[in-house]
Each structure stands twice: as structure tokens, then as C-alpha cells.
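Here is a brief report on selected local features. Please view the sequence and the model first.

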Amino acid sequence: MWHSTKSHDKQVIFCKSTAFLFVQGMGMKLNTSALESHRLVIGTSDELPNGFSTAPSFEIPNTTDFDCFQKEAIQMVKPAKGTTTLAFIFKEGVMVAADSRASMGGYISSQSVKKIIEINPYMLGTMAGGAADCQFWHRNLGVKCRLHELANKRRISVTGASKLLANILYSYRGMGLSVGTMIAGWDETGPGLYYVDSEGGRLKGMRFSVGSGSPYAYGVLDNGYRYDMSVDEAAELARRAIYHATFRDGASGGVASVYHVGANGWKKLSGDDVAELHYNYYPVEPTIVEQVMVET
Amino acid sequence: MARYDRAITVFSPDGHLFQVEYALEAVRKGNAAVGVRGTDTVVLGVEKKSTAKLQDSRSVRKIVNLDDHIALACAGLKADARVLINRARIECQSHKLTVEDPVTVEYITRYIAGLQQKYTQSGGVRPFGLSTLIVGFDPYTNVPSLYQTDPSGTFSAWKANATGRNSNSMREFLEKNYKETSGQETVKLAIRALLEVVESGGKNIEVAVMTKEGLRQLDEAEIDAIVAEIEAEKAAAEAAKKGPPRDT
């Protein structure tokens, strides 16, 4: 397993002069630890000339092509994001929906995973990628948001919350975290939706879908989207998009949950088994028998 | 490592932090500064000691901004002020980078006060020898605020306050004459308070006005004009007090 060569909340031992500019006071400290180069220390010397001790390291395996080996190792650790999640902003707020299947390769490990994470009463996060990574970092984000509220006597904005998460994920870039999440919420400036991933990317937008089923969900979502829908219409669109993704994508399935984020916070609207949804949309009709087998 | 762990600020037997109190003395010797909050403006005024003939007066700015919507004036050691202001300016931008929002006045005041407090509880350093008056408008809500910090690291919000030389008399004046004002009236109140302890004239006062559009430094001519208005009002008030001539 990759050993983390630094802790991300304290002062890093290897500091460039730029890191000192951001004073660790009561305020925010820009996480510049990602700007330092983490070279795995080859060799066992623990003391550097200035009296700094190096971070603990492990022995590097003997391969001909170390870079290729590194890339392969990262690919092995990074699970494919087998899921379908989507979120979109419309007139009445943000609609967030997801499936509930967890798969390990071809094996369905669970049909009842909560992929919409409640960060706090007015912000939701979606889970795609590594379940543990998403759950842990969303929980951590919830802590940071609460601390911000307590210190500043006002709620953190969706912009701020997504930025905090993006900065954290950026500082763990290349270490095998797998997170493809959307932060949806309602703040002073109205509804907000951001896509944040473990490569450190952060995008603001009106419609997003993440996961292996997202192409199918986008097809339905982009086709049926209008800004001025009612809450019910938007919920139905979200539900249908998830259903169609679960129909075609093997890694998505289970229950389609739909949440709505409005001015007063989020509310779970529905959680329908996609198999039942299938028969709702395409009810079984008695087919006309064309030929009957007759006993001769 | 060198022995930087000897604290300079230690408690006295009767519970005083003498270094902090001496720092407050240094503040009391600094130039007078006053801040007044109105409904839609906040005004900072600072006493300007006469500049030497060869000195370029533009390089001696006493009221500085920390960001587009926050300004600061201080009394005390000017070199300490420079260091504190630089750190505060960096924090304003760092906050914008991490939460994509400008700082609120309370946040940056809390940061500066926290910094001042840290230097009363660290090894090998002395406290900052200055008190600051911080004014500004909060983003989005556009509420005006005035805060004061001091060398001990405490801070609080004020409707009007003064610090530096003769701050007590200025504060007394403000307590007697403060009322909710807006626009030019707030500016006049600030200048009147300053004139209690400073020689009158635009050469000796520096005034800056913060509105939700930003900070504006008043130039000498403007200040002279307002001072003239104030003197005229004072004279009129004197005359009225004397009363109409009595009938014998």
C-alpha cells in the first residue's frame, strides 16, 4: 500500500520558502504541500545535512522500468467508477440522484449502497469511485464546514466547500485516491453545483453525471432538461435518467434515489427499485399469439 | 537549535503581563487615530505629525487598505504595523483562494488579533506595539463595521473609537456627541473628534472614507473645507449660546 509521506494538516518538514508566506494562524492555510516534490527516497540515510530527518520510506522493488511499474501500481489501486450519479440545477434548486450498486469486477457486492452523502442539512455529496475514499473525505468535509460555521458565524458557501475538498484531493494526487463527486447545495447566492475529482479537478456547472453509467444518463438528462421545471418534473427526469443508465450499464443498479436541495435544505424525494421502475415505464402487455402449437 | 524558547512575556506575581502593558504605553505615545461608523460609511482619521521638509509625504501613508473593501489605521510602532499589515494582506488573498469569497471584517480582525496574541505567548518575541482600527464592509451583506485590536490580542466592534495620543479625550467627545449619521455627517463627526486633540488644518489630519464602493482618501483641500465648515458651525453655536442681546 502506498505510504503517505506527509500529513496534510501540519507544517511539512520539507518547506519551500513559499510555504512560509501562508501563516498558520487562526485562518485558512493554503495547502501548498502539494507543490513540494514527493520523491520516494531511494536509500536509507535518515539524516540530511541541515539536520532535517527524512520521511520514512520503503525499499523500491527491483524492476527494469520503474516508471511503468509505478503507473501500473496506481492503475491497480484505482477502482473503476462503477456507478451512476447525476445532479442538475433548475429553477427550484438542485436535483441529485444516484443508483445504489457496488460492484467488484463482475461481482455485485451490494445493491443497497448510499451513494448520496449528507454533508450537512443544506449540502449533499455524491459518491463515485472508491466508496471508502468518498465516505471518509465527505465526512471530513462536513467537519470542516461545521468548523467554518462556528468560527465565522455563517454557513460556508458551496463554492468554499467544494474548494476545500478539491484542495485536499489535489494534495493527494497520484496516491491512488479515487473520488468523482458532485457537491450540491443551496447558499446565500442560490443553488450551487460543483464537480470535484481525485485528479484535483473542480468544475462549476448546471448539469453533471458521473460514473460508468453517465453516458446513458446524460442522454436522457440532456434531452429532457429545461431550466423551469417543477420539482416533480425534475425528480421524474432524474429518476428516468438513472433508470436508463442502470438498464444498460452492468455496474449500476439497485435503487434509484432522488434528492432535492432547496432554500431550506435537502429532502429525499424517492428511492425506487429500478427493476420495478422498468415495469412502470414498460408495462407487460399481453402479446398476440401468432401461432399455436397444436397437438396432431 | 538556538535558545529561542525563553519567554519574554511572563506573568507578574499579581497577574499582570508587563510586556503587554508596556506595549499599550507605546500605543499611547503613538499618533492619534479615530474611527467612526455611520449607516452607510465608515471614516478613519489619523493625526499627521508635520512632515520634514525634505520628506516625500506620499510615502508616509497612515491609512492603508488590506483589500478592496477593508482599511486599517493604527497607532504605535509603525515598523510593527508594516509587518502586521503585510501578513493581514496575505491572509485576505489566501482566504479568497481557499473559499472564493472576500474576507469579512470580523474575520480579518480576528486574524490580526490572533497574530497579536500569539506574540504574547511565544518564546523569544515581544508583543506588537500597536493598536489597530479596522473598518470595512462585509461582502454580500454590505454591513459597515469598525473594529479595534490591541497588543494583548483582544478585539471588539465599536460604533466609534479612538486610539493613540489623547485617545481618552477623543473617546469622551465621541461618547457625548455620537449619533447615527450617514455620509458627510460621519466624516464631520470623525474630524471634529480629531480636532479636539490635534491642531486644526488639513496639513495635520489624514482622513479616509470607506463606502461599499471602496476606500477614498480625502485630499488636503477637501479636509480644509470640512474643517472650515466645522469652525463655522462652532462659531454659530457659540453665538447662539451667548443669546440674543438682553433688553435692559
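How exposed is Glu100(B)? Glu100(B) is partly exposed, at 33% relative accessibility. Buried means under 20% relative accessible area, exposed over 50%, partly exposed in between (1.4 Å probe, protein chains only).

## Model and conventions

This is a predicted model: local features need pLDDT of at least 70, side-chain atom pairs count only at pLDDT 80 or more, and totals for chains, interfaces and linings use all residues. Residues are numbered from 1 along each chain as its sequence is written, chains are lettered from A and ligands numbered from 1 in written order, and side-chain values use heavy atoms, without hydrogens and water.

## Positive phi in chain B

Glu100(B) sits in the loop between helix H2 (78-99) and helix H3 (105-118). Helices (H or I, at least four residues) and strands (E, at least two) are DSSP runs, numbered from the N terminus. Phi of Glu100(B) is positive, near 55°, and the residue is not glycine.

Asn142(B) is another non-glycine residue with positive phi, about 55°. Its loop joins strand S5 (130-137) and strand S6 (144-149) of chain B. Asn142(B) is partly exposed, at 35%.

## Asp99 in chain A

Asp99(A) lies in the loop between strand S2 (93-98) and strand S3 (102-104). Asp99(A) is buried, at 1% relative accessible area. A polar atom of the Asp99(A) side chain lies 3.0 Å from the backbone nitrogen of Thr84(A). For the backbone nitrogen of Arg101(A), the distance to a polar atom of that side chain is 3.3 Å.

## Leu147 in chain A

Leu147(A) belongs to helix H3 (residues 131-152) of chain A. Leu147(A) is exposed, with a relative accessible area of 52%.

Notes
A polar contact is a pair of N or O atoms within 3.5 Å; within protein, one must be able to donate a hydrogen and the other to accept it, and residues adjacent in sequence count only if both atoms are side-chain atoms.
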